[in-house]
Amino acid sequence: MVSSPQRGPGYWHRLLLRLEPERAHDLALGALALTSRSAAGRGLLRRRFSKCASERLSQELLGRRFANPLGMAAGFDKNARTPRGLAALGFGFVEVGTVTPKPQSGNPKPRIFRHPEQESLRNALGFNNDGMDAVHRRITAGYPFPFPLAVNVGKNAATPLDEAESDYEALFRRFSGQADYFVINVSSPNTPGLRELQAPDRLAALIDLGRRLGGKPVMVKLSPDLDTDEAVALGHEVVAAGAAGIIVTNTTIDYRLIPDVPEVGGLSGRVLRARSFEMLEALARALFGKTLLVSVGGVDSGEELYRRLRAGASLVQLYTALVYRGPRLVSSALGRLLELMDRDGIESVADIVGVDLERAG
Ligand SMILES: Cc1cc2nc3c(=O)[nH]c(=O)nc-3n(C[C@H](O)[C@H](O)[C@H](O)COP(=O)(O)O)c2cc1C
């Protein structure tokens, strides 16, 4: 397809950025879902957006092949409407959710806010999703997927914290046949009390449930607002409890990062980058080689992707930069990663992971 200078994706992207953020998100997701419903539509998307397939980018992890190390972070496709569409944009893996047992509408709107000067977002969605049965039906319709699919799970807002385990139990059972791995989300700032589940004994119980009932690897997604030492200690505990990996980080409630920002919701994007990287580095120093690290938060380029891999992340995800840079970001970041690998004489992505740690001794 040939794009005219005025009406290429740049035009549509600019238009979306002028709409109310949640409406723009729903439209973009809807358009992607519609286009990717057929194999022909997915082929079209792949030809237009997914230009960086290379064996050099692929890795075997958790018993599956990841075609490249850049994945779609949780929250973009909460209801698994279009995992195949996202893969057709070039992502190497997709995390759907957060899914809760029962459907819930989340917090009152408006609840997504752009901070364009900082290329950042603030969201107070509160796990709005269709619930596990609807999401399960949708995943079943597309199963199996030719790429790794993670299911990110969380508790319903109405479930008392003391009964949270039963929510996670239901979710692990529901998706045990479909998820390549689970992500336990105990780090969203938008469900009151949820972050209290980041306590070692409570997390250990959830990980154990996930492994027994879900029968799949379980990762834990941590908050950037934990004290760094506390995060490292917790990292040791979750690995000892059998977690296959740690995702750092979710959004932050450090509102000092944006001047005069209303203190509601979690911040993502460029303002989160430094903290997210700092947490990755700390966890990698403590746990590299003992668990799989997934880095997310402020990644917006091939350089940043390369930096995260070098620091010890085996996989990297993004969300907010896609909003500001548009879908061509995926192949441009992967293309740049290949250039950087060429520059540094690195053959395969697996050879990048953790090299900076090894150098630091
Ligand atoms: C609008 C929005 C919704 C999100 N929803 C979820 C969610 O449901 N579950 C989750 O674990 N993370 C969620 N996240 C967090 C992202 O997965 C990611 O951890 C965070 O945004 C940092 O990455 P980024 O800077 O690339 O956006 C959401 C983020 C945004 C911006």
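This is a predicted model: local features need pLDDT of at least 70, side-chain atom pairs count only at pLDDT 80 or more; totals for chains, interfaces and linings use all residues.
Q: Which elements give two or more residues to the shell around the ligand?
A: The ligand sits in the largest cavity, and 24 residues surround the ligand, with Ala74, Thr98, Gly269, Gly298 and Thr320 as the closest. The elements that contribute two or more residues to this shell are β4 (93–99), β6 (120–123) and β11 (266–269).

Q: How much of the accessible area of the ligand does the protein cover?
A: A nitrogen atom of the ligand lies 2.7 Å from an N or O atom in the side chain of Thr98, while an oxygen atom of the ligand is 3.0 Å from an N or O atom in the side chain of Asn185. From the backbone, an N or O atom of Thr249 is placed 2.9 Å from an oxygen atom of the ligand. Of the 610 Å² of accessible area that the ligand has on its own, the protein covers 98%.

Q: Which element gives the most to the lining of the second largest pocket?
A: The second largest pocket has a volume of about 390 Å³, and of the 21 residues that line this pocket, Arg46, Ser50, Ala67, Ala87 and Phe91 are the closest to its centre. By class, its lining has ten nonpolar, six polar and five charged residues. At least two lining residues come from each of α3 (39–49), α4 (83–88) and α12 (328–343). With three residues, the element that gives the most to the lining of the second largest pocket is α4.

Notes. Residues are numbered from 1 along each chain as its sequence is written. Side-chain values use heavy atoms; hydrogens and water are left out. A residue is near a molecule or strand if one of its heavy atoms lies within 4 Å of it. A polar contact is a pair of N or O atoms within 3.5 Å; within protein, one must be able to donate a hydrogen and the other to accept it, and residues adjacent in sequence count only if both atoms are side-chain atoms. Accessible areas come from the Shrake-Rupley method with a 1.4 Å probe; for residues, only the protein chains shown count as cover. On a 1 Å grid over the protein atoms alone, a cavity is a set of points where a 1.4 Å probe fits but cannot get out, and a pocket is an open set with protein on both sides within 12 Å along at least five of seven lines; lining residues have an atom within 4 Å of a point. A molecule sits in a cavity or pocket if more than half of its atoms lie within 2 Å of its grid points. Helices (H or I, at least four residues) and strands (E, at least two) are DSSP runs, numbered from the N terminus. Grid points are joined across faces, edges and corners, and a volume is the space filled by probe spheres set on the points. Ala, Val, Leu, Ile, Met, Phe, Trp, Tyr, Cys and Pro count as nonpolar, Asp, Glu, Lys and Arg as charged, and the others, Gly among them, as polar.
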